[in-house]
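Please open the model in your viewer and keep the selection tool ready. We will go from stop to stop, and at each one I will tell you what to select.

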Amino acid sequence: DSGSATATPEQYDIQYLTPVSIGTPPQTLNLDFDSGSSDLWVFSSLQPKSSVNGQTQYDPSKSSSAKNVSGASWDISYGDGSSSNGIVFKDVVNVGGVSFDSQAVEAARTVSAQFTSDTNNDGLLGLAFSTINTVTPTKQKTFFDNVAPSLDTKVWTADLKYHEPGTYDFGVIDDSKYTGDITYTDVDPSDGYWTFSTTGYSVGGAKNSTIKARAAGFSGIADTGTTLALLPTEVVNAYYKEVSGAKLDRSQGGYTIPCDATLPDFKFEVEGTSFTIPGQYINYAPVDDSTCFGGIQDDADIGFAIWGDVALKAAFVVFDQTQSTPRLGFANK
Ligand SMILES: N[C@H]1[C@H](O)[C@@H](Sc2ccccc2)[C@@H]2OC[C@H]1O2
């Protein structure tokens, strides 16, 4: 079995939303596929009206295949401070033609203000490891873990794009979506994330710009649910040192640049193969009529880098569980 679903960016590629059909008859919700968490949760008919603002709500009472998981509940908090909680149903879930008939669908009772104000986001579909699923008393499996045995090959792939729709594929590596070879690197799943090491980085195309400083080798997670690339302080400083007018503006929450700046590319190396984030991707979004917010920011206080969409959209990425050790694959495109 294999399937493909479209990942459509919201403004400035702040997030990518993908249609998922749930229940019988199918209720289609647009979810944020998140390789940085492991709960499939949805806006639901159980929420107070005041917490819903245009989102599509899953209504288990209208699904003949919905079954409440007795005594189960969930409660999740995200890196950006947002949160949600509720109860659990099992129901049929279909993503791009790949279906599982008893997927844990976590129906929200409460969502934080940031979710309420995010009008097109109907919930999240977690694609990190099931070890960090928040359902109690019995942890539930992610959609990928549930469908993996039925897939032609135990992978899912992300082909996110700059300001245009891309795709999430399950069970197939579509070689029309990338060029050259796929470079694989081992993942350490012990924290529940797709954690991998990069072997180096460089700023701009200049030969001497390849920096093998301490931070050249560092570990981070591949997180489709994070918008920006959050990297170690010395890497971030080395980047913006090359941008005239760049400044660390605490009031804006990070580095800003002149919107008309020509930004250098940022290259990161995986197992010695380099991948380029075009400078254009690093001019993330305007904060006023001449100042823009940088797409590379500091990973301070997190303790590891977060390779969010600004980086992932520069590559074709394979989330691979075909072996005993999970792997990430990166290819140019
Ligand atoms: N893995 C990420 C997750 O998907 C989002 S949850 C989210 C919150 C509000 C709006 C949309 C999504 C949050 O930001 C970074 C990290 O936590």
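Before the first stop, a word on classes: Ala, Val, Leu, Ile, Met, Phe, Trp, Tyr, Cys and Pro count as nonpolar, Asp, Glu, Lys and Arg as charged, and the others, Gly among them, as polar. This is a predicted model, in which local features need pLDDT of at least 70 and side-chain atom pairs count only at pLDDT 80 or more, while totals for chains, interfaces and linings use all residues. Residues are numbered from 1 along each chain as its sequence is written, and side-chain values use heavy atoms, with hydrogens and water left out.

**Stop 1: the cavity**

Select Tyr12, Asp13, Tyr162, His163, Tyr281, Asn283, Tyr284 and Lys313, which line the largest cavity. On a 1 Å grid over the protein atoms alone, a cavity is a set of points where a 1.4 Å probe fits but cannot get out; a pocket is an open set with protein on both sides within 12 Å along at least five of seven lines, and lining residues have an atom within 4 Å of a point. The volume of the largest cavity is about 30 Å³, taken as the space filled by probe spheres set on the points, which are joined across faces, edges and corners. Its lining divides into four nonpolar, two polar and two charged residues.

**Stop 2**

Now move to the largest pocket, which holds about 1300 Å³ of space. Of its 45 lining residues, Gly79, Asp80, Gly225, Thr226 and Thr227 are the closest to the centre. By class, this lining has 18 nonpolar, 19 polar and eight charged residues.

**Stop 2: the ligand**

Look for polar contacts, here pairs of N or O atoms within 3.5 Å. A ligand nitrogen is 2.9 Å from a side-chain N or O atom of Asp34, and a ligand nitrogen is also 2.9 Å from such an atom of Asp223. A ligand oxygen is 3.3 Å from a polar backbone atom of Gly225.

Notes: A polar contact is a pair of N or O atoms within 3.5 Å; within protein, one must be able to donate a hydrogen and the other to accept it, and residues adjacent in sequence count only if both atoms are side-chain atoms.
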